[in-house]
Amino acid sequence: MLEGLDGAGTTTQAAELGRRLRARGLTVLVTAEPSRGPIGSLIRTVLGKRLVGPAGRPFDRGALALLFAADRLDHVASEIVPTLASGGWVISDRYFVSSLAYQTLDLPEPFVRQINERAPRPDLTLFLDVPAEAALRRRRAEGAAPELFEDLALQRRVALGYRRALTEGGGGSPVAVVDGTASIAAVSDAVEAAILERFFSARPASERRAAERRPGRSVGAAGRSKVARVARTR
Ligand SMILES: Nc1ncnc2c1ncn2[C@@H]1O[C@H](COP(=O)(O)OP(=O)(O)OP(=O)(O)O)[C@@H](O)[C@H]1O
Ligand SMILES: [Mg+2]
């Protein structure tokens, strides 16, 4: 599961990781939350501010958190479990940790955890680490319409929420942190390296070649030790 602030690059990297794993002959479903299902569509109307509460008041945040949790279980049942059962891989652009980071802005963490208790924990949560300012700059450069949780102060609080969730092992699954500020291709290489290390105990070809060119040094070693450090602090 890929996680990060709005604009961190999760959609870009989920798609690229899907391409890279397919190139290795794997069957891969690249999916996202909110899902493409009926509850996901409803959530998007709330995030896009097209669905509000009575008299134009904000949509109730507890109700929104429940929609996210309901969408997650529907997503798991309708897309994730069938793909895994047929031997495929699933890459999701956002999952449970997003709820820990965003829904706890307005709600107690135990409530958010409780309503997500039945969502299966992923094999790996991969966090794209990008400062709130840089992530917002990317969103603005895209010309994206501002969404519900999108302003700098809020994104900084979301970043703290992510940090808390990830360092406390809040996702309930192994965590890898990848520096998301580098170029798209460099981030993709780091994401691939983290996946290979977790699932194949191997390094990607580009990294092996670089290491061979420089005996005694391993490109990406800093990234890997960061992953290991985060994993150990869980
Ligand atoms: N490493 C990168 N360097 C520079 N620009 C990037 C990088 N990764 C993504 N971008 C650009 O930043 C924008 C946001 O990327 P993307 O849509 O993948 O982010 P996201 O995390 O999915 O954001 P959202 O929360 O809007 O879904 C896009 O225009 C994308 O091309
Ligand atoms: Mg996205």
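Which residues in α2 meet which residues in α3? I39, G40, L42, I43 and V46 in α2 meet L64, L67, F68, A70, D71 and D74 in α3, where contact requires C-beta atoms, placed from the backbone, within 7 Å. This is a predicted model: local features need pLDDT of at least 70, side-chain atom pairs count only at pLDDT 80 or more, and totals for chains, interfaces and linings use all residues. Residues are numbered from 1 along each chain as its sequence is written, while chains are lettered from A and ligands numbered from 1 in the order in which they are written.

**Helices α2 and α3**
- The contact of α2 with α3 comprises eight nonpolar, one polar and two charged residues (Ala, Val, Leu, Ile, Met, Phe, Trp, Tyr, Cys and Pro count as nonpolar, Asp, Glu, Lys and Arg as charged, the others, Gly among them, as polar).
- Helix α2 (residues 38-47) packs on helix α3 (residues 61-85) at about 150 degrees, with axes 9 Å apart (axes are lines fitted to C-alpha atoms over the stretch in contact, and angles run from 0 to 180 degrees between N-to-C directions).
- That makes α2 roughly antiparallel to α3 (angles over 145 degrees).

**Helices α6 and α7**
- Helix α6 (residues 132-142) and helix α7 (residues 152-167) pack at about 125 degrees, their axes 9 Å apart.
- A132, E133, A135 and L136 in α6 meet L152, Q155, R156 and A159 in α7.
- By class, that contact has five nonpolar, one polar and two charged residues.

**Ligand 1**
- Ligand 1 is surrounded by 15 residues, the closest being D6, G9, T11, T12 and R138 (C-beta atom, placed from the backbone, within 6 Å).
- Four nonpolar, seven polar and four charged residues form this shell.

Technical notes. Helix = DSSP H or I, 4+ residues; strand = E, 2+ residues; numbered from the N terminus. Contact = placed C-beta atoms within 7 Å. Parallel < 35°, antiparallel > 145°, perpendicular 65-115°, else oblique.
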